[in-house]
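Please read this briefing alongside the sequence and the coordinates. It is arranged by topic.

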Amino acid sequence: MPRRWPLDLQPGPHAERLATTTVGIPDPARRELAEVVGSERVSSDDDALVDSARDWWPLSVVWAAQGRVVHRPAVVVTPTTTEQVAGILRVASHHGIPVT
């Protein structure tokens, strides 16, 4: 996945800044998400999770420079159409998965 940020994290382990609980993605939900967007657009790759855990909040940028992320998502899904977004939200709602 190409980097989207002008401040890329260095390779290696990245510490989570906030100790929170990640909601697991059940296998049936993961399969349903792959049916909606295609399996190549559903990722739990560490680089994708770390990259998607950042935003432009100034303190987040400082943490990123220190190799820390606020909190990793459980999975990254990248839709390309509004129909796919609707499908993702249906799957998430059905399985009780929060979407951010």
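Predicted model: local features only at pLDDT ≥ 70, side-chain atom pairs only at ≥ 80, totals over all residues.

Residues are numbered from 1 along each chain as its sequence is written, and side-chain values use heavy atoms, with hydrogens and water left out.

**Overall fold**

- The protein chain has four helices and four strands; helices (H or I, at least four residues) and strands (E, at least two) are DSSP runs, numbered from the N terminus.
- Along the sequence, these elements follow the pattern β-α-β-α-α-β-β-α.
- Of the contacts in the protein chain with a separation of 6 or more, 78% join residues 24 or more positions apart; contact means heavy atoms within 4.5 Å.

**Surface and burial**

- The accessible surface of the protein chain is about 6400 Å², and 57% of this surface belongs to carbon and sulfur atoms; accessible areas come from the Shrake-Rupley method with a 1.4 Å probe, and for residues only the protein chains shown count as cover.
- The protein chain has 100 residues, and 30% of them are buried; buried means under 20% relative accessible area, exposed over 50%, and partly exposed in between (1.4 Å probe, protein chains only).
- Trp 57, Leu 59 and Val 62 make a nonpolar surface patch of about 280 Å².
- Patches are made of residues with over 30% relative accessible area and no salt bridge, with like charges joined within 9 Å and nonpolar side chains (Val, Leu, Ile, Met, Phe, Trp, Tyr) within 5 Å; a salt bridge is a side-chain nitrogen of Lys or Arg within 4 Å of a carboxyl oxygen of Asp or Glu.
- Leu 59 belongs to helix H3 (residues 58-65) and counts as partly exposed because its relative accessibility is 36%.

**Nonpolar core**

- The largest nonpolar core has 10 residues, including Ile 25, Leu 33, Val 42, Val 75, Ile 88 and Ile 97; a nonpolar core is a set of buried Ala, Val, Leu, Ile, Met, Phe, Trp, Tyr and Cys residues joined through side-chain atoms within 4.5 Å.
- Helix H1 (27-37) and H4 each supply at least two residues of this core.
- Val 91, one of the core residues, is in contact with Ala 29, Glu 32, Leu 33 and Val 36, leaving aside neighbours within four places in sequence.
- Gly 87, in helix H4, counts as buried because its relative accessible area is 4%.
- Gly 87 and Leu 33 are 54 residues apart in sequence, with their C-alpha atoms 7.8 Å apart in space.

- Gln 84 is found in helix H4 (residues 82-95) and counts as buried because its relative accessibility is 14%.
- Not counting residues up to four places away in sequence, Gln 84 touches Val 36, Val 37 and Pro 79.
- The C-alpha atoms of Gln 84 and Val 36 are 6.0 Å apart, although the two are 48 residues apart in sequence.
- A polar atom of the Gln 84 side chain lies 2.5 Å from the backbone nitrogen of Thr 80.
- Thr 80 sits in the loop between strand S4 (76-77) and H4 and counts as exposed because its relative accessibility is 55%.
- Thr 80 and Arg 41 are 39 residues apart along the chain, and their C-alpha atoms are separated by 9.2 Å.

**Ser 43**

- Ser 43 lies in strand S2 (residues 42-43) and is buried because its relative accessible area is 18%.
- A polar atom of the Ser 43 side chain is 3.1 Å from the backbone nitrogen of Asp 45.
- Ser 43 touches Ala 48, Leu 49, Val 75 and Val 76, residues up to four places away in sequence not being counted.

Technical notes: Polar contact = N/O pair within 3.5 Å; in protein donor to acceptor, adjacent residues only side chain to side chain.
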